[in-house]
Amino acid sequence: MKVLSIQSAVAYGHVGNSAAVFPLQRIGVEVLPVYTVNFSNHTGYGAWRGPLISPDDVREVITGIEERGGLCDIDVILSGYQGSDGIGDVILDAVARVKKLNPSAVYSCDPVMGNAKSGCFVAPAIPVLLRERVVPQADIITPNQFELGFLTETEPDTLESTLDSVDKAFAMGPKTVLVTSVERPDRPSVTIEMLAADETGAWIVQTPHLPMKANGSGDVTAALFTAHYRETGSAATALARTASSVWDLLENTLTSGQRELQLIESQEAYAHPRMQFEVTKVR
């Protein structure tokens with residue numbers, strides 16, 4: 001499997017491509033990382049150094065890959081945080097180029113906008129870009145519950161309303177939806193859930209909630225789910241593998257006492273998921 005991953009990069013820590021690439025490589029996926037920024041660290045520290053990469057320069061990198069014949073056998077285009085509508089245009093252009101060369105390729109979009117606690121933390125133009133132009137071109141989307149609601153102009157909270165919102169997302173274009181950080185009022189308070197759905201059904205997995213904030217964990221989640229789903233064609237299997245790997249990564253990070261994801265130290269969790277959490281079909 002080959003993945004063209006168009007995301008941010010940091011030297012210190014793990015977010016964007018600096019979070020997604022290694023777990024994919026560890027499970028045997030060839031990754032072509034294209035950077036949209038090259039920062040010293042993620043912006044959650046409040047200070048960082050390094051350049052934004054202009055949309056024209058990002059496009060040039062992709063064109064260079066194409067000139068080497070490198071887009072012909074891409075199986076997946078993966079994107080995360082989109083810092084400007086210009087980057088969105090570049091990503092959509094790359095999706096069109098790849099699919100022209102390989103019609104079986106899929107586009108997986110993590111529509112990063114915010115979360116229930118912080119609200120939207122992206123520029124005002126980005127949610128509109130994602131809702132109106134990007135998500136309709138995606139085959140797979142991996143929003144959290146807040147982002148799913150924003151995209152579909154709904155307020156999912158229960159399992160039923162979340163499934164209804166997923167159906168509205170299907171109507172926008174995507175064929176597969178992973179909802180991360182599902183929080184419904186009737187779940188045990190010390191748990192959190194993820195839900196995956198496609199045309200064959202919907203499945204949910206519940207894990208213990210770990211008391212931490214981990215920048216980059218969503219990037220790992222989107223990457224692993226996309227790769228497992230592409231490999232197996234099973235949303236349930238992809239969900240189980242991803243939940244197992246990401247929970248072990250987060251537990252290792254919490255135990256370490258470090259702020260940054262213990263990405264390398266957790267590599268066996270990607271290669272050999274323990275499958276310790278039961279996946280339940282809910283539709």
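The legends below describe close-up views of a predicted model.

**View 1. Helices H7 and H8 and the contact between them.** Helix H7 spans residues 217-232, and its axis comes within 8 Å of that of H8, the two crossing at roughly 150°. Because angles over 145 degrees count as roughly antiparallel, H7 and H8 are described as roughly antiparallel to each other. Their crossing is right-handed. On the H7 side the contact is made by Ser217, Val220, Thr221, Leu224, Phe225, His228, Tyr229, Glu231 and Thr232, which meet a set of H8 residues including Ala235, Leu239, Arg241, Ser245 and Leu250. Sorted by class, the residues in this contact of H7 with H8 are ten nonpolar, seven polar and two charged.

**View 2. Ser245 within helix H8.** Ser245 belongs to helix H8, which covers residues 235-256, and among the H8 residues that meet H7 is this serine. With a relative accessible area of 0%, Ser245 is buried, because the limit for that term is under 20%. When neighbours within four places in sequence are set aside, the residues in contact with Ser245 are Leu224, Ala269, Tyr270 and Pro273; of these, Leu224 is listed in H7.

**View 3. Helices H3 and H4 side by side.** Helix H3 (residues 85-101) packs against helix H4 (residues 125-134) at an angle of about 25°, and their axes are 10 Å apart. That angle makes H3 roughly parallel to H4, and H3 passes H4 in a right-handed crossing. From H3, the residues Asp85, Gly88, Asp89 and Leu92 meet Ile126, Leu129, Arg133 and Val134 of H4. By class, this contact of H3 with H4 comprises four nonpolar, one polar and three charged residues.

**View 4. Two residues with positive phi, Glu153 and Ser181.** Glu153 lies in the loop between H5 and helix H6 (159-172), where it has a positive phi of about 55° although it is not a glycine. At 65% relative accessibility, Glu153 counts as exposed. Ser181, which is found in strand S8 (residues 176-182), likewise has a positive phi, near 55°, in a residue other than glycine.

View 5. Not counting residues up to four places away in sequence, Leu195 touches Leu159, Leu163, Val166, Val177, Leu178, Val179, Val182, Trp203, Ile204 and Val282. The C-alpha atom of Leu195 is separated by 7.6 Å from that of Leu239, a residue 44 places away along the chain, and Leu239 is itself among the H8 residues that meet H7.

Note on methods:
Residues are numbered from 1 along each chain as its sequence is written. This is a predicted model: local features need pLDDT of at least 70, side-chain atom pairs count only at pLDDT 80 or more; totals for chains, interfaces and linings use all residues. Side-chain values use heavy atoms; hydrogens and water are left out. Helices (H or I, at least four residues) and strands (E, at least two) are DSSP runs, numbered from the N terminus. Buried means under 20% relative accessible area, exposed over 50%, partly exposed in between (1.4 Å probe, protein chains only). Contact means heavy atoms within 4.5 Å. Axes are lines fitted to C-alpha atoms, for helices over the stretch in contact, and angles run from 0 to 180 degrees between N-to-C directions. Angles under 35 degrees count as roughly parallel, over 145 as roughly antiparallel, 65 to 115 as roughly perpendicular and the rest as oblique. A crossing is left-handed if the near helix is turned anticlockwise from the far one by less than a right angle, and right-handed if clockwise. Ala, Val, Leu, Ile, Met, Phe, Trp, Tyr, Cys and Pro count as nonpolar, Asp, Glu, Lys and Arg as charged, and the others, Gly among them, as polar.
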